Amino acid sequence: MTIDTRLTVAPSAAEDQVAALVNRLAGEVRAKPPRFPPLVTPDGQEIVLDVEVGGFRCILLRLQPPGHGHDPTLSPREHEIARMVAKGYANKTIATVLDISSWTVGTYLRRIFAKLGVSTRAAMVARLLEQGTLNRTTQPEALDRATSIERPQTRRP
């Protein structure tokens, strides 16, 4: 039974006040932009509010919209960047291979982190491996080119 069901069965005056307060808090949270990286529980739910009030811990979790599964869809470019990160490439290398700026790589990574509900590169790779989205043995063609990229030689006096 959800809290909504319990509150609608036999609401007392106190429960009405709690329900009104929760609705007000949810409305205020909806109006604020999301945090980057979002705080998430171990099972992937986004923590929107975590406060202690009068000796009670109140945690507000964002529910997934209907039809939104646990396997978010990454774009082909996001998949490509995720595979390169899994192979251990730095943002600069990824940017060079894909002919984009390192800022753009960072933007893609932030989007991937938000979609997956993670905050680190390692957590992203682990989540994609869990989902089966990332194959441990697959090496994208672009990485073949990355190995042939040589760093410019610097002359020392």
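**Close-up 1. Length of helix α5 in the predicted model.** The 15 residues of α5, at 1.5 Å a residue, should span 21 Å, and the 21 Å between its end C-alpha atoms agrees with this. The expected span is 1.5 Å times one less than the number of residues in the helix. Helices here are DSSP runs (H or I, at least four residues), numbered from the N terminus. Just beyond α5, G117 has a positive phi of about 70°. This is a predicted model, in which local features need pLDDT of at least 70 and side-chain atom pairs count only at pLDDT 80 or more, while totals for chains, interfaces and linings use all residues. Residues are numbered from 1 along each chain as its sequence is written, and side-chain values use heavy atoms, with hydrogens and water left out.

**Close-up 2. Buried residues of helix α5.** V105, G106, Y108, L109, I112, F113 and L116 are the buried residues of α5. Because they cover an arc of only 160° around the axis, they lie on the same side of α5. The arc is that of the directions from the helix axis to the C-beta atoms. Buried means under 20% relative accessible area, exposed over 50%, and partly exposed in between (1.4 Å probe, protein chains only). Among the elements covering the buried residues of α5 are α3, α4 and α6, where contact means heavy atoms within 4.5 Å.

**Close-up 3. Buried residues of helix α4.** In α4 (residues 91-98), the residues I94, A95, V97 and L98 are buried. Their arc around the axis is only 165°, which puts them on the same side of α4. D99 follows α4 and has a positive phi, near 60°.

Close-up 4. K115 and E78 form a salt bridge through their side chains, at 2.8 Å from N to O. This pair joins distant parts of the chain, with K115 in α5 (residues 102-116) and E78 in α3, 37 residues apart. A salt bridge is a side-chain nitrogen of Lys or Arg within 4 Å of a carboxyl oxygen of Asp or Glu. K115 is partly exposed at 36% relative accessibility, whereas E78 is buried at 4%.

Close-up 5. The structure holds three salt bridges. One of them pairs E80 with R77, whose closest N and O atoms are 3.3 Å apart. E80 and R77 are three residues apart in α3 (residues 76-86), so about one helical turn separates them. R77 is partly exposed, at 27% relative accessible area. In α6 (residues 121-131), E130 and R127 are also three residues apart, about one turn of the helix. The closest N and O atoms of the E130 and R127 salt bridge are 3.9 Å apart. E130 is exposed at 66% relative accessible area, and R127 is buried at 18% relative accessibility.

Key:
Helix = DSSP H or I, 4+ residues; strand = E, 2+ residues; numbered from the N terminus.
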